[in-house]
Amino acid sequence: MTLTAMGLCALLSWVALPGLAQSHNPAAPGTLQGPIFPQGERAPAQHFTGTVWVKPLVDDDSTYRCVVGNVVFEPGARTHWHRHPAGQILLVTDGVGFYQEKGQPKRLLRRGDVIQARPGIEHWHGASSTQAMTHVAIVPNTEKGAATWLQPVTDEQYQRTK
Ligand code: MN
């Protein structure tokens with residue numbers, strides 16, 4: 001690559017990242033935009049409706065007793081109904097989606113929302129019908145079990161407005 005071409009690439013990188021001047025993050029340009037974590041692999045179809053991607057971020061071990069993963073739900077995709085014996089925390093990092101506990105209204109999820117699913121509460125989470133949703137899922141106290149999977153969320157349940 002010539003010096004001129006290198007200069008052009010540097011300039012284009014700069015133009016494409018207008019927030020860089022204010023950033024305290026020393027990471028290389030290109031890591032500051034787009035998804036925070038890798039998309040990972042397709043989630044097992046027996047627990048989800050639609051297309052869901054999971055990237056393990058922290059594996060369970062005897063020190064932390066905790067599993068952390070990034071989950072991407074494509075539009076319309078959602079978990080089946082399920083419970084976590086020791087609860088779950090969801091950190092929404094992108095898109096628009098829903099969280100619903102059995103017998104409660106659907107809650108709209110947006111980037112920045114934090115959900116605490118209490119131990120044993122039946123619930124589901126997923127994307128909206130038109131926009132994808134990404135969250136980090138944290139399952140603590142894994143010695144009590146990670147999840148008990150139940151029936152799929154039907155289209156009628158998914159589309160219900162409350
Ligand atoms: Mn859950």
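Colleague: In what order do the elements of the protein chain run from the N terminus on?
Modeller: The order is α-β-β-β-β-β-β-β-β-β-β-β-β-α. That amounts to 2 helices and 12 strands. Please bear in mind that this is a predicted model.

Colleague: What share of the residues of the protein chain count as buried?
Modeller: Of 162 residues, 34% count as buried, a term that requires a relative accessible area under 20%. The accessible surface of the protein chain comes to about 9,800 Å², and carbon and sulfur atoms account for 57% of that surface.

Colleague: Why is His 125 called buried?
Modeller: The relative accessibility of His 125 is 3%, and the limit for buried is under 20%; therefore His 125 counts as buried. This residue is found in strand 10, which covers residues 123–127.

Colleague: What makes strand 10 largely enclosed by the rest of the structure?
Modeller: The reason is that 5 of the 5 residues of strand 10 are buried. Strand 10 is also joined to strand 7 by 5 bridges, and the two run antiparallel. Within this region, Gly 97 stands opposite Ala 127 of strand 10.

Colleague: How do you know that the side chains of His 125 and His 123 make a polar contact?
Modeller: Their separation is 3.4 Å, and a polar contact requires N or O atoms within 3.5 Å. Leaving aside neighbours within four places in sequence, His 125 is in contact with several other residues, including Phe 73, His 82, His 84, Gln 88 and Tyr 99.

Colleague: Which residues coordinate the manganese ion, and what makes them donors?
Modeller: The coordinating residues are His 82 (NE2), His 84 (NE2), Gln 88 (OE1), His 123 (NE2) and His 125 (NE2). Their distances are 2.1 to 2.2 Å, and N, O and S atoms count as donors within 2.8 Å of this metal; these atoms therefore qualify. Along the sequence, the donor residues follow the spacing H-x1-H-x3-Q-x34-H-x1-H.

Colleague: Why can His 84 and His 125 be said to tie together parts that are 41 residues apart in sequence?
Modeller: His 84 lies in the loop between strand 6 (82–83) and strand 7, whereas His 125 lies in strand 10, so the pair links those parts. Both residues are buried.

Colleague: Where does Ala 86 lie, and why is it called buried?
Modeller: Ala 86 lies in the loop between strand 6 and strand 7. Its relative accessible area is 10%, and buried means under 20%, so Ala 86 is buried. Ala 86 and Gly 145 are 59 residues apart along the chain, yet their C-alpha atoms are separated by 7.1 Å. Beyond its neighbours within four places, Ala 86 is in contact with Pro 119, Pro 140, Asn 141, Lys 144 and Gly 145.

Colleague: Why is Arg 42 called partly exposed?
Modeller: The relative accessibility of Arg 42 is 48%. Buried requires a value under 20% and exposed a value over 50%; Arg 42 therefore counts as partly exposed. This residue lies in strand 1, residues 41–42, and touches Gly 50, Thr 51, Val 52 and Trp 53, not counting residues up to four places away.

Colleague: What makes strand 4 largely enclosed by the rest of the structure?
Modeller: Strand 4 is so described because 7 of its 8 residues are buried. Strand 4 pairs with strand 3 (residues 52–58) in the antiparallel sense over 6 bridges, and with strand 11 in the antiparallel sense over 8 bridges. Gly 69 of strand 4 stands opposite Pro 56 and opposite Ala 137 in strand 11.

Colleague: Which residues of the largest nonpolar core touch the most other members?
Modeller: Among the 15 residues of this core, they are Val 52, Phe 73, Tyr 99, Leu 109 and Met 133. Strands 4, 7, 9 and 11 each supply at least two residues, and strand 7 gives the most, with 3. Apart from this core lies another of 5 residues, among them Trp 81, Phe 98, Trp 124 and Tyr 158.

Terms used
Residues are numbered from 1 along each chain as its sequence is written. This is a predicted model: local features need pLDDT of at least 70, side-chain atom pairs count only at pLDDT 80 or more; totals for chains, interfaces and linings use all residues. Side-chain values use heavy atoms; hydrogens and water are left out. A nonpolar core is a set of buried Ala, Val, Leu, Ile, Met, Phe, Trp, Tyr and Cys residues joined through side-chain atoms within 4.5 Å. Buried means under 20% relative accessible area, exposed over 50%, partly exposed in between (1.4 Å probe, protein chains only). Helices (H or I, at least four residues) and strands (E, at least two) are DSSP runs, numbered from the N terminus. A polar contact is a pair of N or O atoms within 3.5 Å; within protein, one must be able to donate a hydrogen and the other to accept it, and residues adjacent in sequence count only if both atoms are side-chain atoms. Contact means heavy atoms within 4.5 Å. Accessible areas come from the Shrake-Rupley method with a 1.4 Å probe; for residues, only the protein chains shown count as cover. Donors are N, O and S atoms within 2.8 Å of the metal (3.2 Å for Na, K and Ca); water is not among the atoms, so sites may look incomplete. Two strands pair if DSSP finds at least two bridges between them.
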